[in-house]
Amino acid sequence: MAPMHNATNKIFSTLCVHRWKIFQRHMGSQTSKRWGFKQVTKSNLKPAIEQVIEDIQNADFISVSIQSTGSHGAPWRRILPFDTSETAYYKAKDNAEKFQLLQFSACPFKWASESKIIAYPYNFHLFPRDELRIGMPSYSFSCQLSSITSMAQKGFDFNSWVYNGISYSSKAQESPAKQRGRNSSMLGTYPALPYQKPYIADIIFMERVRSQVQHWRDACLTSNNASKGGLVHSLMTTVFNNEMFGSRPCLRINAASDRQMQLILEVLREFSHDLVPLRSSVGEDVQKEVKVIFTSSEEDKHFLLSELQQHAKDQCKQILRFEDVVDALIKSGKTIVGYNCLTDFTMIYSSFIAPLPPTVKEFLCSLQSIFPRVLDIRHLLKEVKSREIPSIKKAKNLHAALSYLNRQFSLPLDLEVPLEFKCYGSKGAESHGHTALRLTYLFAKICRLLKISLSDLSISIDGCKGALASHENFLYPGAICLNTLNGEDINMERDSYSKNSHIIFIWGFKIGSSAKALSEMLTTVHEICQEGIKVQLVDKSCAYVKFKRAKYAEFFLQDLQSGNKISGFAKSRPLEEFSFAGLRAVNYVVYEQLCKSSLWRTNLADSLELVLSESGYLAYNPTADLPSPKSSPLILELDNL
């Protein structure tokens, strides 16, 4: 009985261990569900912003993650492994200008001990509402079908996003709006009416306003007689809809449209020596009336204008906007932890700073001056891959990397979220709200795995060169390094050509062909390909071929153009099967010019054909200069309307 009992105990122990491992894996995959975060919309924006600014100031690091209405317009527009710094930036720039922000997650966190961090996660719902009445942040924006479908499947509340999302604008967009707001209470600073043919209705409206203002002004002057003040004031209130602005008489003039508003202000210019107009709001967004304030002297007028300006400044200080969160991130100077920082920060720059610069070098210089310390988790994972876990390269995204570390390594780490943050919004919002928390948790795990001590982290927090300094300012995808721009004149065009001169792009093959089949076909029809090539499909219409040497790529392009080397294989089976007679190819220079241009189509093959037709460039001549492509007549620019 004893052997049987021991065997039973062994089986039971093995089963318990197996079940415990399953439980651990389950908890590792479900970790984020135990974490809470603060959901922020228009209804709770003010208290949330005050709190997040304080948390940013007290934090050691800040994790940031964004979600937009899409990530790429076509498969080839994703940032791919063969993209250079320039082409990666052009793709990220296109995405940032085409799509709009949906959610912005920020998670300030600090280290409590070697194995414990305290996080303060926030998830802001954003909607590009034009509250500044300047046609921005966007007249329209694109939505990627797969992104919207995925969000809908997760239960994202699109009604709440539209009606309760937080509006935002960039600093460049706010400047003219603020100037307009400062000028809105002063008559002499209003812009003149744009010239247009006068209408009879406008003339009649202006004469009616002029007569009303003239009679009311005369009555105000008459009311200075103390003996008739009470009677005159009563008549003015009844006849002219008169009221008091402080201790000064005030007349309200209604306007049915912005055009009538400007006509009223134009009339009031005639009385600028003692009347001050003040635009007032009726309703949520639209200004529909002008208040005209009477001043008794020039000194009284200047005093009133000073009061109005100070009141406007005080109101601006009291209004908290989502842009204040971005300003707090910038002013803190602390390390921003992200994932795929090139795509995220182009979107952040475009939405909250200014329009994206035309070149990657200008963008990187400007970004480094705004966010001097950016740490991309993908770069840390690369270090882990090379030093500790080569097999982690199988983890293709944030969630996969976190799950892999949870399964393979026992690294005690406690992530604590204060109780006030343990509130949840909609189901779909939870999914993205946890992304910044996952970033925080993964960052801490990697620091433990790389044996970065708390003292080294403290040095990095204080701004000195610590253990993380060598990992900062690498932006992925593309592995663009900000630190290489310090005082150096980088010729990115020359560097990119020397790096990718052995790559060509081919199209014209049978749709549905696999990369393996294309590689076998090219090896059969051209002896240079037998030296060794790598073929990969970019999309269904086009593939890229990487040769061992740049001269092999050049020879292939020249032979394809002339037909000397491959004409003898015209009746071979691969040519008939893959429609080789229509094969086209270009070198990497043409692809770079495509990324710089606006001639982007859904298929890469169609885009390359369009660049060739617009420029007249010969694909087989890699040393020829490619002129800048002309604007496509098929593209409608909103700025030209």
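Helices here are DSSP runs of H or I with at least four residues, strands are runs of E with at least two, and both are numbered from the N terminus. Counted that way, the chain has 24 helices and 18 strands. Please keep in mind that this is a predicted model.

Some totals for the chain. There are 641 residues, and 48% of them are buried. If you take the contacts with a separation of 6 or more, 76% come from residues 24 or more positions apart.

Now the sheet. In what order do the four strands of the open sheet run? The order is β16-β17-β15-β18, and the pairing is antiparallel. The edge positions belong to β16, residues 533-539, and β18, residues 584-587. Each of these two has a single partner strand, so one side of each has no neighbour in the sheet. On average, neighbouring strands are turned by 25 degrees against each other, ignoring direction.

Look at the β15 and β18 pair. Strand β15 covers residues 503-507, runs antiparallel to β18 and is joined to β18 by four bridges. Within this pair, Phe505 is opposite Val586, the latter in β18.

Helices also pack on this sheet. One of them is α21, residues 550-562, which touches β15, β17 and β18. The direction of α21 makes about 140 degrees with that of β18. Another is α24, residues 604-615, in contact with β15, β16, β17 and β18. For α24 the angle is about 105 degrees, taken against the direction of β15.

Next, charged pairs. As background, side chains of opposite charge can pair when their charged atoms come close. The count for this model is 16 salt bridges. I will go through some of them.

Asp83 pairs with Lys91, and their closest N and O atoms are 2.9 Å apart. Both Asp83 and Lys91 are buried.

Asp94 and Lys98 form a salt bridge at 3.4 Å, N to O. Both sit in helix α3, residues 85-98, four residues apart, which is about one turn of the helix. Are Asp94 and Lys98 buried or partly exposed? The cut-off for buried is under 20% relative accessible area. Asp94 has 19%, so Asp94 counts as buried. Lys98 has 22%, so Lys98 counts as partly exposed.

The salt bridge between Arg217 and Asp274 has an N to O distance of 2.9 Å. This pair links distant parts of the chain, 57 residues apart: Arg217 is in helix α7, while Asp274 is in the loop between α9 and β8. Arg217 and Asp274 are both buried.

There is also a network of salt bridges, which links Glu207, Arg210 and Glu270.

Last, the surface. Ile200, Ile203 and Ile204 make up a nonpolar patch there, and together they have about 310 Å² of accessible area. Ile203 belongs to helix α7, residues 200-222. Why does Ile203 count as partly exposed? Its relative accessible area is 41%, and partly exposed covers the range between under 20% for buried and over 50% for exposed.

That is what I have on this one.

How values were computed:
Residues are numbered from 1 along each chain as its sequence is written. This is a predicted model: local features need pLDDT of at least 70, side-chain atom pairs count only at pLDDT 80 or more; totals for chains, interfaces and linings use all residues. Side-chain values use heavy atoms; hydrogens and water are left out. Patches are made of residues with over 30% relative accessible area and no salt bridge: like charges are joined within 9 Å, nonpolar side chains (Val, Leu, Ile, Met, Phe, Trp, Tyr) within 5 Å. Accessible areas come from the Shrake-Rupley method with a 1.4 Å probe; for residues, only the protein chains shown count as cover. A salt bridge is a side-chain nitrogen of Lys or Arg within 4 Å of a carboxyl oxygen of Asp or Glu. Buried means under 20% relative accessible area, exposed over 50%, partly exposed in between (1.4 Å probe, protein chains only). Two strands pair if DSSP finds at least two bridges between them. Axes are lines fitted to C-alpha atoms, for helices over the stretch in contact, and angles run from 0 to 180 degrees between N-to-C directions. Contact means heavy atoms within 4.5 Å.
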